[in-house]
Amino acid sequence: MDFLLECIGFPPDQDHGALMETVLVEGEAVPWRGDPENHRRLPLADGLELRLDREPGQDFWSLLPAYRVPHRLRVAVNTLREVPDSPFDGLLTAWACPPAPSDKAAPEPGEYLLTTWLTDARRLPRRVEPGHVLAISAAGFAVHVEYVGPNDGVRDPRILERRRGCAVAPLGGVDDPGGCSEVSLRIQSIRHMRNPLTGREVELLVCDAPERPLLLFVSPWQLEVDNLPAPRPGWRIEGTFLFSGVIAGGLTGPRTRVRRSFG
């Protein structure tokens with residue numbers, strides 16, 4: 001998954017061993033996870049972070065990008081499952097922007113179905129019923145981008161007929177990686193950041209979606225290799241993105257005991 005680091009300004013030839021050592025030495029403990037020696041975060045700039053994890057019984061580290069999303073998205077739980085080899089994470093599939101309980105005429109349980117990793121899943125109660133409404137803060141990191149360009153080049157013109165032209169669908173194959181969704185979204189604006197460790201510019205794509213925008217990061221190296229243009233506001237982006245984030249609201253009552261995992 002090293003290619004995900006390209007989304008926040010680390011080039012393909014980055015020395016990942018040296019980068020992990022930097023996170024170990026200069027990083028800090030991550031809330032709601034395990035042994036702080038095995039779960040570290042290194043804030044970079046403007047909400048960008050590096051996350052370094054080693055799970056119980058494993059002899060290798062996972063180094064992934066993260067972003068502290070400044071807004072919350074309401075979601076209604078569809079499925080929520082624990083991950084055997086990652087006991088502090090939860091894999092959530094949920095309907096974004098569910099209708100209010102009093103809205104009896106709502107034709108759908110939400111605007112679109114999204115899947116995402118929750119890195120603070122230990123905050124959840126032992127059982128979360130389908131339909132329970134949470135608030136999450138999550139961002140998407142490009143696994144593969146297939147299209148960047150004007151709306152008239154969209155793969156499926158019916159997408160443009162949907163609310164704000166927003167299409168999001170979790171991958172459903174047995175061999176597909178968890179937390180990944182295919183998206184087709186219009187780019188509303190682009191925020192520019194800088195990775196202080198590499199000096200590289202990082203672009204955050206703010207994309208139109210019901211209630212709250214979806215935030216995406218892409219690898220400029222993948223775009224170049226695949227001869228795709230640089231994103232522009234008003235254009236559309238399509239591809240597969242891995243979403244990860246945290247719980248931002250909707251928990252019922254105070255927690256009195258931290259669990260090793262949920263479920």
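The legends below describe close-up views of a predicted model.

**View 1. Confidence along the predicted chain.** The mean pLDDT of the chain is 88, and 91% of its residues reach a value of 70 or more. Over residues 255-263, however, the pLDDT falls below 50, although this stretch still has 27 contacts in the model beyond its near neighbours in sequence.

**View 2. The largest pocket and its centre.** The space in the largest pocket comes to about 1,000 Å³, and 41 residues line this pocket, with Arg33, Asp53, Leu64, Asp89 and Thr119 lying nearest its centre. Sorted by class, the lining of the largest pocket holds 20 nonpolar residues, together with nine polar and twelve charged ones.

**View 3. Elements around the largest pocket.** Two or more residues of the lining are given by each of the helix α1 (16-26) and the strands β3 (48-53), β4 (62-67), β8 (133-149) and β13 (236-249). The largest share of this lining comes from β4, which gives six residues.

**View 4. The largest cavity.** A search of the whole structure finds one cavity of 30 Å³ or more, and the largest cavity holds about 70 Å³ of space. Its lining is made up of Val69, His71, Arg72, Leu73, Leu114, Ile136, Ser137, Ala138, Pro213, Leu214 and Phe243.

**View 5. Make-up of the cavity lining.** With three residues, β8 gives the most to the lining of the largest cavity, and β8 is also among the elements that give two or more residues to the lining of the largest pocket.

Conventions. Residues numbered from 1 in each chain as written. Predicted model: local features only at pLDDT ≥ 70, side-chain atom pairs only at ≥ 80, totals over all residues. Heavy atoms only, no water. 1 Å grid on protein atoms, 1.4 Å probe; cavity = no way out; pocket = protein on both sides within 12 Å on 5 of 7 lines; lining within 4 Å. Points joined across faces, edges and corners; volume = space filled by probe spheres on them. Helix = DSSP H or I, 4+ residues; strand = E, 2+ residues; numbered from the N terminus. Nonpolar A, V, L, I, M, F, W, Y, C, P; charged D, E, K, R; others polar. pLDDT = per-residue confidence, 0-100. Contact = heavy atoms within 4.5 Å.
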